[in-house]
Amino acid sequence: MFNNLDNNINGMKLPIVVKDKENYISVLENMFNQLKESMNKPAFKYEAGLRKEVEHDCNLIINALKKFTPNNIDEFDEVVEIILKRYLNSKLAVSELDKCYAFKGVAAYDNLHSKCVGENFYNDMLQEEISFFRARLVGKTEKLCDIKEIISLPFSKCELVGNSRFSSKNKICLYLGVTSYVCAEECGYNNNVIKNEKDIYMSALKFNSEGKKLKILNLVISEDLINGIYDKNLDNSDRKTLQNDLIKIFPLILATSFVIKDKDSNIEKYEYLLSQSIVRTMKKVGIDGVAYLSMRINGCSRHSHGVNLAIPMLDDGKSGEYSYLYKYISCTKPVKMDECIQTYEYNKKSYVNKFYPEYLLDIVKDECAKILYEDKHVFYGNTLFSKFDDYLWNQQFYDTKYLVE
């Protein structure tokens, strides 16, 4: 029988900061052992296949990391492919972009709706267009005016691409964020030293009807979410279904949510090994992109304001200088952040501004709508980033399909 008092996992707050590669593997292995031990709780051990699947994936991942060398990348990728294939059976793990749990929550899943929210809210969330943003830092004397200057690099300049969390050296990837805030954090712009040396330009992007069908891997899951903070009003059976699906994905999320402090450029970035393998293998199983939480933002606001989307451009110039995926995207022209008019009220609100306001249902203050801004925790709607989101979202959008025609 389901025990309400014994259905939590603990001690797995993300991101996890470690000193070096060895520390990464040892800490991850300890966390995996802790997660496997949690599966022996009465609330989990009698769930068909749950414990076995979690143990299987934990063992696969840790053994692959221990054995990894630059010469056995194919073998490493085979392990990740095995895991991704199993995720295809979970709609919470892999779904179309416009129904992705990372952006739309449970809006696309009727049986998981909270009774206190109301169906109108979920219907509005499901129908609303997701607003994405992209940023680029430039020198103080530079100006960006053209869309080509803000989107991903053309394939002819792939040698400029370095190793990143969800892209490998010389491999083009389109990185987007759901707020200008997370884009600025990912660029390091909120560091005062960088602010003094660089300007930040941003554009808003959106996907057309075909782009909304792209299959996205959802890695936007945390300990708090699994423990049910956001679904207290669900029936036990539905809540348990949700929790089980989230737990099954969690080993891969744990392994890709580390920050290694050692910045030696000669050392393999082990915290990137799995995420880069995901990018290399996802197309083989029919996945187009991955949604994930920023490692530069802490706190519960990561789940609303700190979500990123990475879409690898794996056609490698077969369709020209830019990926065929630009047939599915439209984009505004880049704008320098300080050109935003803060006092103006814009006609349309960005997706995050609309559905994650200061007050839930116009009554209760939502602490998850706060971010760390100028060394204070403030509601996102009271920041320049929030105004900039709406400003960009109200600009003219241009189809980027001309780049591949």
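The model you are looking at is predicted, so local features need pLDDT of at least 70 and side-chain atom pairs count only at pLDDT 80 or more, while totals for chains, interfaces and linings use all residues. Residues are numbered from 1 along each chain as its sequence is written, and side-chain values use heavy atoms, with hydrogens and water left out.

Is Ser275 buried or exposed? Ser275 counts as buried because its relative accessibility is 0%; buried means under 20% relative accessible area, exposed over 50%, and partly exposed in between (1.4 Å probe, protein chains only). Setting aside residues up to four places away in sequence, Ser275 touches Arg165, Phe166 and Thr256, with contact meaning heavy atoms within 4.5 Å. Helix 11 spans residues 273-281 and is mostly covered, with 8 of its 9 residues buried. Along with Ser275, the buried residues of helix 11 include Leu273, Leu274, Gln276 and Ile278.

Helix 14 (residues 384-393) is another mostly covered element, and here 10 of its 10 residues are buried. Among them are Phe385 and Trp393, but also Lys387, Asp389 and Asp390. What covers the buried residues of helix 14 includes strand 3, helix 7 (180-187), strand 5, strand 11, helix 13 and strand 14 (370-373).

Strand 5 deserves a stop of its own. Strand 5 pairs with strand 3 (residues 132-139) in the antiparallel sense over 8 bridges; two strands pair if DSSP finds at least two bridges between them. In strand 5, Tyr201 has Arg136 standing opposite, and Tyr201 also stands opposite Lys336 in strand 11. Strand 11 (residues 335-336) is joined to strand 5 by 2 bridges, running antiparallel. A further antiparallel partner is strand 10 (residues 329-331), joined to strand 5 by 3 bridges. There, Leu205 stands opposite Cys331. As you look along these strands, remember that in a regular strand the side chains alternate between the two faces of the sheet.

Cys331 leads us on to Tyr398. Tyr398 has its place in strand 16 (residues 398-399). Not counting residues up to four places away in sequence, Tyr398 touches Ile147, Ile329, Ser330, Cys331 and Lys333. Tyr398 counts as partly exposed because its relative accessible area is 28%.

Now for the nonpolar packing. A nonpolar core is a set of buried Ala, Val, Leu, Ile, Met, Phe, Trp, Tyr and Cys residues joined through side-chain atoms within 4.5 Å. The largest such core has 68 residues, and those with the most contacts inside it are Tyr24, Leu219, Phe250 and Leu254. Helix 10 (residues 236-255) gives the most to this core, with 9 residues. Leaving aside neighbours within four places in sequence, Leu254 is in contact with Met12, Leu14, Ile16, Leu28, Met31, Phe32 and Leu35. A second, separate core has 37 residues, including Leu174, Val178, Phe207 and Val404.

About 1,400 Å³ of space lies in the largest pocket, a volume being the space filled by probe spheres set on the points, with grid points joined across faces, edges and corners. Of its 42 lining residues, Ser164, Tyr175, Glu186, Cys187 and Arg296 lie nearest the centre. Strand 3 gives the most to this lining, with 5 residues.

The whole structure also holds 4 cavities of 30 Å³ or more, and about 60 Å³ of space lies in the largest cavity. Val178 lines this cavity, along with others including Phe103, His303 and Tyr356.

Definitions and conventions:
On a 1 Å grid over the protein atoms alone, a cavity is a set of points where a 1.4 Å probe fits but cannot get out, and a pocket is an open set with protein on both sides within 12 Å along at least five of seven lines; lining residues have an atom within 4 Å of a point. Helices (H or I, at least four residues) and strands (E, at least two) are DSSP runs, numbered from the N terminus.
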